[in-house]
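Welcome to this short briefing. Please have the sequence and the model open side by side, and follow along topic by topic.

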Amino acid sequence: MRDGEEARAAAESAAEPLDLVGVGIGPFNLSLAALGDGVPGLRCAFYEQRPAFRWHPGLLIEGATLQVPFLADLVTLADPASPWSFLRFLRERERLFPFYFAERFHIERAEYDAYCRWVSEGVPGLHFGHQVDAVRWNAEQALFEVDFTQLDAHGEAEALGRSYARNVVLGVGTAPYVPQALRPLAEAPSVPVYHSSEYLEHREELLAAGHVTVIGSGQSGAEVFLDLLRRRPVGRERLRWLTRSGAFAPMEYSKLGLEHFTPDYTRYFHGLSERVRDGLLPRQWQLHKAVDAETLAAVHDELYRRTQALNDGDGDGGGWPDAVLTPGVRVRTAGRGGRSGLELHVEHTEQEERGVLTTDAVVLATGYTERATDGMLAALHPYLRRDGSDRPLVDEEYRLVLERAVTGAVFVQNAERHTHGVGAPDLGLAAHRSAVILNAVTGRESYPLPRRTAFTRFGLREERSGAAGAAGPAGRSATVGV
């Protein structure tokens, strides 16, 4: 924009500010936008630097399913009548009856991605190809200023813009995590060390590699290992699967265990002391970092099938497939070996032994970490209140706790595990969290929320029941009239 046009656009935006600006358009902010579309008079805009919605494209492996039921779509658990439900998507695509007869409770990841893309193409107020650069508090106007850069098809800056909003919600998602020991190899050009988020992009290269090592004990590691196992020749699999955890453990998937992913547990967890919360999270790894039991069974079944083939003489590797699965191993350092191979210097924690493993390619199923927002929120740092570990405080309604000088609200999505527990990144709580945020933004019960969601009572005292309202800490309100 020219200077005059930019000033005029800024003045118009300030004269009629938005009620809510969303930064990032992943599933969680897409849920918020879809439910926000059902609130009369609510003015929203959501910005995403990518050119279009995609959900973990590198892991849309054929047959891989979500770990939550289809009811955990973007809207249904808050508004079953929403026009943006998964069932409405199926009806629009004339696939409702086939889905009915398929009797699938857990849908494939690729289908979830297609559903989300359908929503992203229909919900108003979504702006792809827009990179948010800064969020500031304008005390004179009592509004947030959100600066963004509009990108062209090649990701290059095309124009600058600014929005004004009473409230902001951060849904910037997570970034692939690469352990420090493997970072030099992963960052080196032409070295076949890839994060699992890039798996499908490099699958053919990995299948052609002489030997492949998968590192990571979670669902992604299991799915990548299984996919490679199924596609490599019997008796010549040449695969290894290493994990730091002491076992290839199944996900906790009992009905009462799943109640840790309810709003009741979220409220309970939020009410605990910081010390207790920090102690709980590492012990709950099997709720979200382990492997679906069906996937583990499929790995075992495939290995067993190959023993049958090898013992029947169909393979040339003896009676056992050439696949090694070893838990309890951590990679200390890694580097290039002879003849373009890779060396992993490892330690077995229980045996207290060290060794060197050679391989030709590595897939890092090592999870994700929250994306840094320090630069974007630099202007708000003086207003942020923090806990004893210098993490932002987040109130029960998913607001960052700010100094009273800031009368607007900054909400977060999937950046509050330290305050809200293991359910923070879970898709099953997306619609409920979106409804809580919208109720807080509008100052009314735009979406009625259940008073109770679990049979388990997690503490001796009964937690405050019911939906989150509009009042913030110490009576502070972040509501707007719409």
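Is A142 buried, partly exposed or exposed? A142 is partly exposed, because its relative accessible area is 36%. Please keep in mind that this is a predicted model.

**Backbone angles to look at**

- A142 has a phi near 55°, which is a positive value in a residue other than glycine.
- You will find A142 in the loop that links β4 (130-138) to β5 (143-151).
- N414 also has a positive phi, with a value near 60°, and again this is a residue other than glycine.
- The place to look for N414 is the loop between β18 (409-412) and α12.
- N414 counts as buried because its relative accessible area is 13%, and the cut-off for buried is under 20%.
- As background, most residues other than glycine have a negative phi.

- Helix α2 (residues 27-36) is largely enclosed by the rest of the structure, because ten of its ten residues are buried.
- Among the buried residues of α2 are P27, F28, N29 and L30, and the list also includes A33, A34, L35 and G36.
- The cover over the buried residues of α2 includes the strands β1 (20-23), β2 (44-48), β3 (126-128) and β7 (167-170), together with the helices α5 and α13.
- Helix α9 (residues 263-270) has seven of its eight residues buried, so α9 too is largely enclosed by the rest of the structure.
- The buried residues in α9 are P263, D264, Y265, T266, R267, Y268 and F269.
- Covering the buried residues of α9 are elements that include α10 (274-283), α12 (417-420) and α13 (430-442).

**A tryptophan in a loop**

- W55 sits in the loop between β2 and α3 (86-92).
- W55 is buried because its relative accessible area is 11%.
- Which residues does W55 contact, leaving aside its neighbours within four places in sequence? They are P27, L60, L66, R109, Y112, D113 and L427.
- P27, one of those contacts, is also one of the buried residues of α2.
- W55 and V346 are 291 residues apart along the chain, and their C-alpha atoms are separated by 33 Å.

**The α7 and α8 pair**

- Two packed helices are described by the angle between their axes and the distance between the axes.
- Helix α7 (residues 199-208) packs against helix α8 (residues 219-231) at an angle of about 40°, and the axes are 11 Å apart.
- This crossing of α7 and α8 is right-handed.
- On the α7 side the contact is made by Y199, R203, L206 and L207, while α8 contributes V224, D227, L228 and R231.

**Salt bridges**

- How many salt bridges does the structure hold? The count is 28.
- In one of them R231 pairs with D227, and the closest N and O atoms are 3.1 Å apart.
- R231 and D227 are separated by about one helical turn, because they are four residues apart in helix α8.
- R231 is partly exposed, with a relative accessible area of 39%, whereas D227 counts as buried at 8% relative accessibility.
- D387 forms a salt bridge with R391, where the closest N and O atoms are 2.9 Å apart.
- D387 is buried, with a relative accessible area of 10%, while R391 is partly exposed, with a relative accessible area of 23%.
- R399 is bridged to D395, and here the closest N and O atoms are 2.9 Å apart.
- Both R399 and D395 are buried.
- One network, joined by salt bridges that share partners, takes in E62, R203, D227 and R231.

**A nonpolar surface patch**

- L71, L77 and F105 form a nonpolar patch on the surface, and together they have about 280 Å² of accessible area.
- F105 is partly exposed because its relative accessible area is 45%.

Conventions: Residues numbered from 1 in each chain as written. Predicted model: local features only at pLDDT ≥ 70, side-chain atom pairs only at ≥ 80, totals over all residues. Heavy atoms only, no water. Patch = residues over 30% accessible without salt bridge, like charges linked within 9 Å, V, L, I, M, F, W, Y side chains within 5 Å. Areas by Shrake-Rupley, 256 points an atom, 1.4 Å probe, with all protein chains shown as cover. Salt bridge = Lys/Arg side-chain N within 4 Å of Asp/Glu carboxyl O. Buried < 20%, exposed > 50% of the residue type's maximum accessible area, 1.4 Å probe, protein only. Axes fitted to C-alpha atoms, helices over the stretch in contact; angles between N-to-C directions. Helix = DSSP H or I, 4+ residues; strand = E, 2+ residues; numbered from the N terminus. Left-handed = near helix turned anticlockwise from the far one by under 90°. Contact = heavy atoms within 4.5 Å.
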